[in-house]
Structure formats: structure tokens, C-alpha cells
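Q: I would like to learn how to read the features of a model like this one. Where do we start?

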Amino acid sequence: MPESQITAQITDVAAYMVDVGARARAAARAMARAETAAKNNALTAIAAELDAARDALGQANAADLEAGAAKGLDAALLDRLALTPARIDAMIEGLGQIATLADPVGAISELEYRPSGIQVGRMRVPLGVVGIIYESRPNVTADAAALCLKAGNAAVLRGGSEAFHSNRAIAACIQRGLSAAGLPEDAVQVVATTDRAAVGAMITSPEHIDVIIPRGGKGLIERISRDARVPVIKHLDGICHVYVDDRADLDKALAVALNAKTQRLGTCNTMETLLVAAGVAADFLPRVGAALADAGVELRGCERTRALLDGVLPATDEDWDTEYLAAILAIRVVDGLDAAMDHIDRHGSHHTDSIVTEDYGRARRFLREVDSSSVMVNASTRFADGFEYGLGAEIGISTDKFHARGPVGLDGLTSQKFIVLGDGHVRR
């Protein structure tokens, strides 16, 4: 059914979203008590449904791609929207990987006897109902549903209008898989309207939704952060830095810097600013500049950089605060570690920053003093990823300091509560 006909059936978006929220809240109670085997069975069943529905998924995605082309979406957006056979394979593989991960729900830690004789510990529990608002990529529907499901949550998913048919086709597979495993179909609901009022309802309904996770452009995330009455897990920018210290192995530095910028351009963990210590700038900049130029990267630099490297455009103040997500890199020569950390503190986004150095003391200072969700030594910023960190997958990256920070995997989709074990103990 065309998008316009589906959304036309929803005449009262506010009432519709109240119903979605109430059903999600009821499903969350069932998911909180679901056994690990049932959740894993659901993940396996969803994977099988996706595999069996390849033709239907392809047809739904073709409708979205056709509509996107008619609306004038650029090639990059259409690529993110495409649900290729390889991406369906990746969704299926991801479901299998999440099924193999340890179930965090119910895990008890720090259980200790107190002088009174009681035992006090902490138990990991689901967050409840997780609302996820995202754009473009339909595979997020399966990834987000799988992570929320394994962590014992219900999920309300609101994808972008450009992926409307694809998301609904994936949602149908998810709900069939949940039903086959004996879990409530309402544990994962994809909002069946493209009306933006649905987003407003989600972010202002703490009685129905416990946390919101936005995945998309800066405008979307700023709007949600500004207007939400529900807690938000998010990051706004990925202005990531690599600092090449004057005690760096320059071969390592070249490999790290080149990978951090060129391995994939449009991700939040891609390097956007390269900081180089003045003591090695004359040796390092010509080497890295040539390699980046060969990779098609436009360079914008400070005056000291331009004095050492030909073909570099002058960097403006705005460049130090820009997440390019493109083949553009800002370069600054700094006087040393303290100057590098000052730059990161002033211009960074608290996402991911790396130092290349052979000096153990400087590495320890960088790790301790740089206030980012991931801080690295002699490694590419591109490693800031849930899969690379051993989380199996991630629902997003958080630069917040409360609850979850960095890649948000299963543990980040749970909370902890105190538990007390006694045997008729009373307080004296």
C-alpha cells in the first residue's frame, strides 16, 4: 500500500501515538521477564523471516528508492537508503551475533555483606520502552530492534519518511519472529505515519517512553535535545582529532592518520582535525600531505602548516569546529601536548580523540585529561564502534556523561537497581 494511503488511515496522530505508547508499555513488562532462550529464539526467528522475505524487502525498498529519486535525493542519500542483498545479509548476521551475546538482564554484581548482616548488590534491569528516531538507513530498524529485544526492552521505532516502505517490511518480519518465539508483537513497533507530530509525541511522553535515542543529522538531534521531556542518549557532532606527538613513531602516525580520515569519510568517528607537534611537523607534514592528497582529501591548514606544505587552503576559525563528513581535513601545528589538549578541549565534541606517541607518560596524560567518550593511544579513531569494542553491535554513540557514554550496546540499554537480601533482618 502506498505511503499516502497508509498514513491517511491515521487521522488523529496524537491518539495513535498514545495507543502505540500504551501497547509498548504493556509489552515492556512482558519483555522484562522474558527468558534469555525466548529472546534468542526471537532473534533467530526474525533472521529467518528476513531471509525468507528477500523479495518483499527488495520490492519495498525499490518503492522507497523510486520515491527518493523523484524527490531529488542525492546519490549519497540514495546509497544509505538502498537495501542491497549484502545489507540484508548483514542484518541477518547481526541478529545472529546479538543472539550469541551474554544476556545482561538479571546479572547481579557487587553483592556484599553489610555490618547489619544484610547483603547489598546491584541487578541489571531493562530501561523499559526505548524510542528510537532515525533517518535514511532501513537496516537500523533490525539492528535497533535486536539490541532492544536482547536487553529486555520494548521499542518504538520512528524511521525517516524516505525509508517508509522498507521499514514497514522489516517490521513485519520482526513481528512474525516475535510471535513465533511467544513474545508480544508490540515489543517492537514501527510508527506507521510520516507525520512529524509523531516525533513530537514520542519525545514528550515520559509516561510511555523511558528514553529516546536519536540517530541522524545534527538538526534532528538538536531539535530532540531541545524539546524532549524524555531522557535522551545522543551525540551532536563527531569532531574527532588525531594528535601526532613529537615523540611519535612517524610511520605509525602516518598509518593512523590516513586510516582515521580515509577508511570511511561519512562516519562520526572519522578524523576531522589533525594536530601535529611543531618538533616533527617539517618531517611529518610532507609525508601525510602527499598520502592524503593521493586519497583525494582537500587540506585546510593554519599558517604554520601552509608554510611547510604546498597546496593547503587557509583554515578559518569555523574549520576547527566543523564535522565535514567529507574528503576535507583541517590541520594545525601545535607547540606540544598541552597545546594539543587545549585545542581539543576548545573545539572538540567529546566523541573520539587519539594521540600517537612513544612516550608512556604523555600517553597517560592524554588518556586522563582528554574529556571524550573514547580516548585512544596509537590507534585510529575509526575503532570507536560497538562491534570493534566487543559489544556485538551498538545502538549509537553517546557523548553524554550520565548513564551511557561511548558506543551504546546491550549494557547501555539497561540500568541497575539495588537489591537487598536478608533473613528477617530489621534495622536497629
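A: Helices (H or I, at least four residues) and strands (E, at least two) are DSSP runs, numbered from the N terminus. This is a predicted model, in which local features need pLDDT of at least 70 and side-chain atom pairs count only at pLDDT 80 or more, while totals for chains, interfaces and linings use all residues. Residues are numbered from 1 along each chain as its sequence is written, and side-chain values use heavy atoms, with hydrogens and water left out.

Q: In which sense do β1 and β2 pair, and over how many bridges?

A: Strands of a sheet pair through backbone hydrogen bonds, either parallel or antiparallel. Two strands count as paired if DSSP finds at least two bridges between them. Here strand β1 (residues 108-113) and strand β2 (residues 119-126) are antiparallel, with four bridges. Five residues separate the two strands of this hairpin, and Gly117 in the turn has a positive phi of about 105°.

Q: How many residues of β1 are buried?

A: Buried means under 20% relative accessible area, exposed over 50%, and partly exposed in between (1.4 Å probe, protein chains only). For the six residues of β1 the buried count is zero, so the strand is hardly covered. Glu110 belongs to β1 and is exposed, at 52% relative accessible area.

Q: In what order do the seven strands of the open sheet lie?

A: The order is β10-β9-β11-β8-β7-β12-β13, with parallel pairing. The edge strands are β10 (313-314) and β13 (374-377); each has a single partner strand, so one side of each has no neighbour in the sheet. Inside this order, β7 (residues 240-244) and β8 (residues 271-277) run parallel and are joined by five bridges. His241 is opposite Thr273 in β8.

Q: Which strands does helix α11 lie across?

A: Contact means heavy atoms within 4.5 Å. Axes are lines fitted to C-alpha atoms, for helices over the stretch in contact, and angles run from 0 to 180 degrees between N-to-C directions. Helix α11 (residues 250-262) lies across β7, β8, β11 (328-334) and β12 (352-356), at about 160° to β8. Helix α15 (residues 360-369) also packs on the sheet, where it touches β12 and β13 and makes about 170° with the direction of β13.

Q: What span does helix α7 have, and what span is expected?

A: The expected span is 1.5 Å times one less than the number of residues. Helix α7 (residues 139-150) has 12 residues and reaches 17 Å from its first C-alpha to its last, close to the expected 16 Å. Among the buried ones are Thr141, Ala142, Ala146 and Cys148. Gly152 follows α7 and has a positive phi, near 80°.

Q: Which residues does Leu95 contact beyond its sequence neighbours?

A: Leaving aside neighbours within four places in sequence, the contacts of Leu95 are Leu43, Ile46, Ala47, Leu50, Ala142 and Ala146. Leu95 lies in helix α6 (residues 85-100) and is buried at 3%. Asn167, in helix α8 (residues 164-180), is also buried, at 3% relative accessibility. With residues up to four places away not counted, Asn167 touches Thr141 and Val190, among others.

Q: How many disulfides are there?

A: A disulfide is a covalent bond between the sulfur atoms of two cysteines. The rule asks for a pair of cysteine sulfur atoms within 2.5 Å, and the count is zero. The sulfur of Cys240 is 6.9 Å from the closest cysteine sulfur, in Cys268, too far for a bond. For Cys173 the closest cysteine sulfur is in Cys148, 18 Å away and also too far.
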